[in-house]
Amino acid sequence: RHTARTPAEGRGRQPTSAVTLRNGPRMGRATGRLQTLEVGGFECPVCSVAAGELRELRQKYPDVVSITFQHMLIGGHANSPEAALAAECASEQGAFEKYYDLLFENYTRLAKRNWRGLAKQSGVADLAAFDQCVASAKFASSIDVDTTAARLAGFGGTPSWIVGDSTYGG
């Protein structure tokens, strides 16, 4: 589990009070020296830019960078809840990292809801199980918990990060 703290004013300041966040999908090695919690939403344009930069860091430093993802749904991003469900369903089959990258690469086209096509591209093995997972909204409550926890932690927007004991963004 990750512990987030209410972000202080400004960037990179020490947080002040603990809130427990869900242990979400991880990208990179669990033993990476740079443990980062990313709070984001799949329809956020700034998150999309940041995701590309984080992908480059993950590729350049695969043994160092470890990112755990926490959903934060934002009003006005109508397709984010279903995209988050699809990402969790891909994660269930071990394909979160590639699915995450594909969602952010296609963030302006999420209204087409091509969740299955992205699942196939990301290497999801059992597409029927993936479809059932998305249709059942199996992970809706954990996504709601993510969003609530992020807000309680003091995050006002996306993207936001906790790196070590400091918070950034939002």
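This is a predicted model: local features need pLDDT of at least 70, side-chain atom pairs count only at pLDDT 80 or more; totals for chains, interfaces and linings use all residues.
Begin by colouring the protein chain by pLDDT. Its mean is 87, and 86% of the residues reach 70 or more. Select helix H5 (127-136), where confidence is highest at a mean of 98, and then strand E1 (residues 2-5), where it is lowest at 36.

Next, display the largest nonpolar core, which holds 37 residues. Phe 42, Tyr 99, Tyr 100, Leu 103, Trp 115 and Phe 130 touch the most other members. Among the elements giving two or more residues to this core are helix H1 (45-60), strand E5 (65-71), helix H3 (96-105) and helix H4 (115-122). Helix H2 supplies the largest share, seven residues. Centre the view on Leu 103: beyond four places in sequence, Leu 103 touches Phe 42, Ala 83, Ala 87, Leu 110, Trp 115 and Leu 118.

Now select Val 39, Ala 150, Phe 155 and Ile 162, which are included in a second, separate core of seven residues.

Finish at the largest pocket, with a volume of about 180 Å³. Of the ten residues lining this pocket, select Thr 36, Leu 54, Trp 161, Val 163 and Tyr 168, which lie nearest its centre. Strand E4 (34-40), H1, E5 and strand E6 (160-163) each contribute at least two lining residues. By class, the lining comprises eight nonpolar residues, one polar and one charged.

Technical notes:
Residues are numbered from 1 along each chain as its sequence is written. Side-chain values use heavy atoms; hydrogens and water are left out. A nonpolar core is a set of buried Ala, Val, Leu, Ile, Met, Phe, Trp, Tyr and Cys residues joined through side-chain atoms within 4.5 Å. Buried means under 20% relative accessible area, exposed over 50%, partly exposed in between (1.4 Å probe, protein chains only). Helices (H or I, at least four residues) and strands (E, at least two) are DSSP runs, numbered from the N terminus. Contact means heavy atoms within 4.5 Å. On a 1 Å grid over the protein atoms alone, a cavity is a set of points where a 1.4 Å probe fits but cannot get out, and a pocket is an open set with protein on both sides within 12 Å along at least five of seven lines; lining residues have an atom within 4 Å of a point. Grid points are joined across faces, edges and corners, and a volume is the space filled by probe spheres set on the points. Ala, Val, Leu, Ile, Met, Phe, Trp, Tyr, Cys and Pro count as nonpolar, Asp, Glu, Lys and Arg as charged, and the others, Gly among them, as polar. pLDDT is the predictor's confidence in each residue, from 0 to 100.
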